[in-house]
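I opened the model to look up a few backbone details and then the contact between its chains. My notes follow in the order I made them.

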Amino acid sequence: MGTLVPTLTLTDSTTFSDEISFSVTDSLTTGTPSQGLTKVTITTADNQELVDNAVSGVFYFFAKNNDDTNFVILQTTASEQYARLSPGEWCFFPINDGNGLEARADTASIELEYAYWKKG
Amino acid sequence: MATTTATLTLTSSDLASDALSLSATKTCYKAGTTIGLDQTTGLAKTYLTAVTNIDIFVPVPGATMDGKNGKVYIANLSTEDTEFVQISIGDKLIGRLYAQDFMWIPWNQEAQHLSDIELAPSVATGMWVEFMHIHEGMVYPTAADS
């Protein structure tokens, strides 16, 4: 068991008439298993599973696309695509129990950093 | 120039033997460019009193926005630990946001109905949720009066 503290900060003072400036923080109780920060090469092949759908539990998932040029697709372990992570971008979201998660590069292999923690 | 910047920090002193202190920052760009995202729904806050699965942003009316970039923020503002909102993209269940949890995820408006972002509260006793979409464009549904 441990406590994960995620903080999201969004800022923008130039794009809209009303400035965006807010921050949210959470305190997440986590259990096992967890996957510490990991770097992997994601290829254009299908079925590169990062979170096993056979492992029960809700997982808090972080990923960052370290590539300078190409995006990476995030999908369920049933190959249902739901997000494209652009070059340099990151995401943080919960993965539902039994869903798992796969990544697949679109154009060329990319380097992905990721980590996940099971909800305690 | 549009410069929406998103920063995530993840910290923990007791997850593992080595303390966690991670920070990721990125300016939000239009797909395949270094031009900032310049459109937004604004930050919305609403009180939901039914467990109905709803679209929280304008439903994707076609495939014309496929490949565009957008970022979505959703937070469950409930303070009851057992209350959650279930987030889906079309029929693809993503996950549950429990009380005070939030998410930040890219959104590709791939195709009609298949990629609408949907939210379903776990209880009908009332839950506050907050959400925002920062994007490079969307197609609004044609108005109908009957």
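Predicted model: local features only at pLDDT ≥ 70, side-chain atom pairs only at ≥ 80, totals over all residues.

I counted 11 other C-beta atoms within 10 Å of A:Ser79, so it is exposed, the limit being 12 or fewer. I placed A:Ser79 in the loop between strand 6 (72–75) and strand 7 (81–85) of chain A. Its phi is positive, about 65°, although A:Ser79 is not a glycine. I noted for comparison that most residues other than glycine have a negative phi.

I then turned to A:Asn47, another residue that is not glycine and has a positive phi, near 65°. A:Asn47 sits in the loop between strand 3 and strand 4 (48–51) of chain A. With 10 other C-beta atoms within 10 Å, A:Asn47 is exposed.

Next I looked at a peptide bond. The one between A:Thr32 and A:Pro33 is cis, with omega about 5°. I found A:Pro33 in strand 3 (residues 28–42) of chain A. Most peptide bonds are trans.

Last, I looked up the contact between the chains. How many residues does each chain put into the contact? I found 41 residues from chain A and 42 residues from chain B. On the side of chain A that touches chain B, strand 1 of chain A gives the most, with eleven residues. That side of chain A divides into 20 nonpolar, 15 polar and six charged residues.

I followed strand 1 of chain A across to chain B. Seven bridges join it to strand 1 (residues 5–12) of chain B, and the two run antiparallel. There I saw A:Leu8 opposite B:Leu8.

How values were computed: Residues numbered from 1 in each chain as written. Chains lettered and ligands numbered in written order. Helix = DSSP H or I, 4+ residues; strand = E, 2+ residues; numbered from the N terminus. Buried ≥ 20, exposed ≤ 12 C-beta atoms within 10 Å, placed from the backbone. Contact = placed C-beta atoms within 7 Å. Nonpolar A, V, L, I, M, F, W, Y, C, P; charged D, E, K, R; others polar. Pairing = 2+ DSSP bridges.
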